[in-house]
Amino acid sequence: MNRQQIAQLIPHGDAMCMLDEVVAWNSEHIHCRSYLVNMTANPLCEHGQLDTVLLIEYGAQAAAVHAALVQSHLGEMRPAYIGAVKDIELLGAISDNSTPLELHAQCLLNNRQGAIYELLATQADIPLLRGRLLLNQPQI
């Protein structure tokens, strides 16, 4: 799945879509990749640097894409919003702007009101951020 397909699944629009590729996914997990570490088009970069805490947004987008993919297989689509973040650990700094980011979102719980995900962001197999995300998905 490419960036254009991903942007259609999340309410951010193309400019705020931080994911470039869905590497793999199944009903419980998604692995996404981003090459937007330090591109001038990245609205989250400041002075050529992406702060590690902003990887929460990247992970949230991976979780939202996962929720959309799972729900589309069930015949429904609902918008997803960040309800809460918890137990965030900043494990390292982004040091190489040319190496893509790997985003993993593991679905721990999913029901009609939302989902809970465990997030992990890495770069070159080095963990940068870990934490949990509550995804709120109101009924339409």
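Start with helix α2: 17 of its 19 residues are buried, so the helix is largely enclosed by the rest of the structure. Buried here means under 20% relative accessible area, with exposed over 50% and partly exposed in between (1.4 Å probe, protein chains only). Helices (H or I, at least four residues) and strands (E, at least two) are DSSP runs, numbered from the N terminus.

This is a predicted model: local features need pLDDT of at least 70, side-chain atom pairs count only at pLDDT 80 or more, and totals for chains, interfaces and linings use all residues. Residues are numbered from 1 along each chain as its sequence is written, and side-chain values use heavy atoms, leaving out hydrogens and water.

**Select 55–73.** This is α2. The expected span is 1.5 Å times one less than the number of residues.

**Show the sheet.** Six strands form an open sheet, ordered β1-β2-β4-β5-β6-β3, with antiparallel pairing. Two strands pair if DSSP finds at least two bridges between them. At the edges are β1 (21–25) and β3 (81–90), each pairing on one side only. From one strand to the next, the twist averages 20°. Now bring α2 back: the helix packs on the sheet, touching β1, β2 (29–34), β3, β4 (101–111), β5 and β6. Its direction makes about 50° with that of β4. Axes are lines fitted to C-alpha atoms, for helices over the stretch in contact; angles run from 0 to 180 degrees between N-to-C directions.

**Zoom to β5 and β6.** Strand β6 covers residues 126–136 and pairs with β5 in the antiparallel sense over ten bridges. Find A121; opposite this residue, in β6, stands L129.

**Pick L119.** L119 lies in β5 (residues 114–123). At 2% relative accessibility, this leucine counts as buried. Beyond its neighbours within four places in sequence, L119 contacts G59, A60, H104, A105, L129, R130, G131 and L133. Contact means heavy atoms within 4.5 Å.

**Finish in the core.** Which residues touch the most other members of the largest nonpolar core? They are L55, Y58 and Y117, in a core of 37 residues. A nonpolar core is a set of buried Ala, Val, Leu, Ile, Met, Phe, Trp, Tyr and Cys residues joined through side-chain atoms within 4.5 Å. The largest share, ten residues, comes from α2.
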